[in-house]
Amino acid sequence: MRVEDFDMFSTLLKQRSGLVLTRDKAYLLESRLMPVARKWNMKGLEELASTVRTRKDEALLRDITEAMTTNESSFFRDQKPFDQFRQIVLPRLLEARSAKRSIRIWSAACSSGQEAYSLAMLLNEDAAKLAGWRIEIVGTDISAEMVERSKSGIYTQFEVQRGLPIQMLVKHFKQQGDKWQISQQLRQMASFREFNLLGDLSALGQFDIVFCRNVLIYFDQPTKTKVLEAISRQMPQDGVLYLGGAETVLGITDRFKPVDGQRGLYSLGGFQVPSGLRAAV
Ligand SMILES: C[S@@+](CC[C@H](N)C(=O)[O-])C[C@H]1O[C@@H](n2cnc3c(N)ncnc32)[C@H](O)[C@@H]1O
């Protein structure tokens, strides 16, 4: 790939999605953009690059942006955040919201929906405690294809074998040919929509719990700061933020503080782990 084409694509991707690509990732750009060039009946990446320069076709720019997203996810990814959710975060928020009886959860950069449905499965386990509560799970992703996959709730054999306990598979999924679909009941607990984290987050409203995992790793530091500070404005003081295992707020923003003794969990300062639950996870 010509250096000027690489630079043009990487600038475009940074502007549209926040993705930072260094020149050693040129191979990635080539392998992921070739199918886009083919889909648009172009001979190769040079033609794709010159078309982007001359014609600002929104559908083409979207295809290029989506092709460069990494959509890796799995059910109950890393497990511990979900244990914390069930044993510490949910009980604490149920107490704090007992008057309002409503909790909103955001799976930001939800990919194919496994994170949102893992939460739905946990909430289903606590259905008795949650009777009369309004619990909303909202999944968003920049990729229209991922949003459609999330809505369908259909997963391959490989995907249901990664992190999903067999009892949960049996309880909540139905086999459909060689794939598995999550039950309608759980699909109704979550809604999914296309949304760019670089956009105006106020359109989504306020969230008590935000999972923003394994997406900031693709951004540069100013973009991480901008996104985290925008997320902080969508949360109450006692809301909690989950980041991925390789992500942190340290050195990026001082709005969020690590929740005492709970790795990967952050709050604006108002979330206290009840003393009886401290040793739970
Ligand atoms: C590696 S996946 C992480 C999925 C899930 N959060 C998890 O931890 O398993 C990263 C997701 O971020 C999405 N993404 C990348 N840039 C984004 C942006 N600017 N706005 C919203 N989503 C974005 C990608 O489409 C992709 O599905």
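The centres of domain 1 and domain 2, taken over C-alpha atoms, are separated by 30 Å. The model is predicted.

Student: Happy to start with the domains. How many residues does each of them bring to the contact?

Tutor: Good place to begin. The protein is divided into domain 1, covering 3-68, and domain 2, covering 80-277. Contact here means heavy atoms within 4.5 Å. By that rule, domain 1 gives ten residues and domain 2 gives eleven residues.

Student: By class, what is the lining of the largest pocket made of?

Tutor: The residues can be sorted as nonpolar, polar or charged, with Gly counted among the polar ones. On that basis the lining of the largest pocket has five charged, nine polar and eleven nonpolar residues.

Student: Asn 214 is one of the residues closest to the centre of that pocket. Is Asn 214 buried or exposed?

Tutor: Asn 214 sits in the loop between E7 and helix H11 (221-232). Its phi is near 60°, a positive value in a residue other than glycine. Buried means under 20% relative accessible area. At 18% relative accessibility, Asn 214 therefore counts as buried.

Student: Phi of Gln 79 is also a positive value in a residue other than glycine. What is the relative accessible area of Gln 79?

Tutor: Phi of Gln 79 is near 55°. Gln 79 belongs to the loop between helix H4 (58-67) and H5. Partly exposed covers the range between the buried cut-off of 20% and the exposed cut-off of 50%. Gln 79 is partly exposed, with a relative accessible area of 36%.

Student: Now the second largest pocket. Which element gives the most to its lining?

Tutor: This pocket has a volume of about 220 Å³. Of its 13 lining residues, Leu 243, Gly 244, Gly 245, Arg 263 and Gly 264 are the closest to the centre. Helix H5 (80-96) and strand E8 (240-243) each supply at least two residues of the lining. The element that gives the most, with three residues, is H5.

Student: And how many charged residues are in the lining of the second largest pocket?

Tutor: Sorting by class again, this lining has four nonpolar and four polar residues. The charged class takes in Asp, Glu, Lys and Arg. For the lining of the second largest pocket, the number of charged residues is five.

Student: Which residues form one aromatic cluster?

Tutor: Rings pair if their centres lie within 6.5 Å. One aromatic cluster is formed by Phe 75, Tyr 117, Tyr 155, Phe 173 and Phe 192.

Student: What separates the C-alpha atoms of Tyr 266 and Tyr 242?

Tutor: Tyr 266 lies in strand E10 (residues 265-267) and is buried, with a relative accessible area of 6%. Leaving aside neighbours within four places in sequence, its contacts include Leu 241, Leu 243, Phe 256 and Pro 258. Tyr 266 and Tyr 242 are 24 residues apart along the chain, and their C-alpha atoms are separated by 6.4 Å.

Student: Last one: is Gly 251 buried or exposed?

Tutor: Gly 251 is in the loop between E8 and strand E9 (257-258). Its C-alpha atom and that of Ala 99, 152 residues apart along the chain, are separated by 37 Å. Exposed means over 50% relative accessible area. At 64% relative accessibility, Gly 251 therefore counts as exposed.

Technical notes: Residues are numbered from 1 along each chain as its sequence is written. This is a predicted model: local features need pLDDT of at least 70, side-chain atom pairs count only at pLDDT 80 or more; totals for chains, interfaces and linings use all residues. Side-chain values use heavy atoms; hydrogens and water are left out. On a 1 Å grid over the protein atoms alone, a cavity is a set of points where a 1.4 Å probe fits but cannot get out, and a pocket is an open set with protein on both sides within 12 Å along at least five of seven lines; lining residues have an atom within 4 Å of a point. Grid points are joined across faces, edges and corners, and a volume is the space filled by probe spheres set on the points. Helices (H or I, at least four residues) and strands (E, at least two) are DSSP runs, numbered from the N terminus. Rings of Phe, Tyr and Trp (its six-membered ring) pair if their centres lie within 6.5 Å; planes under 30 degrees apart count as stacked, over 60 as edge-to-face and the rest as tilted. Buried means under 20% relative accessible area, exposed over 50%, partly exposed in between (1.4 Å probe, protein chains only). Domain bounds come from an automatic or database domain assignment.
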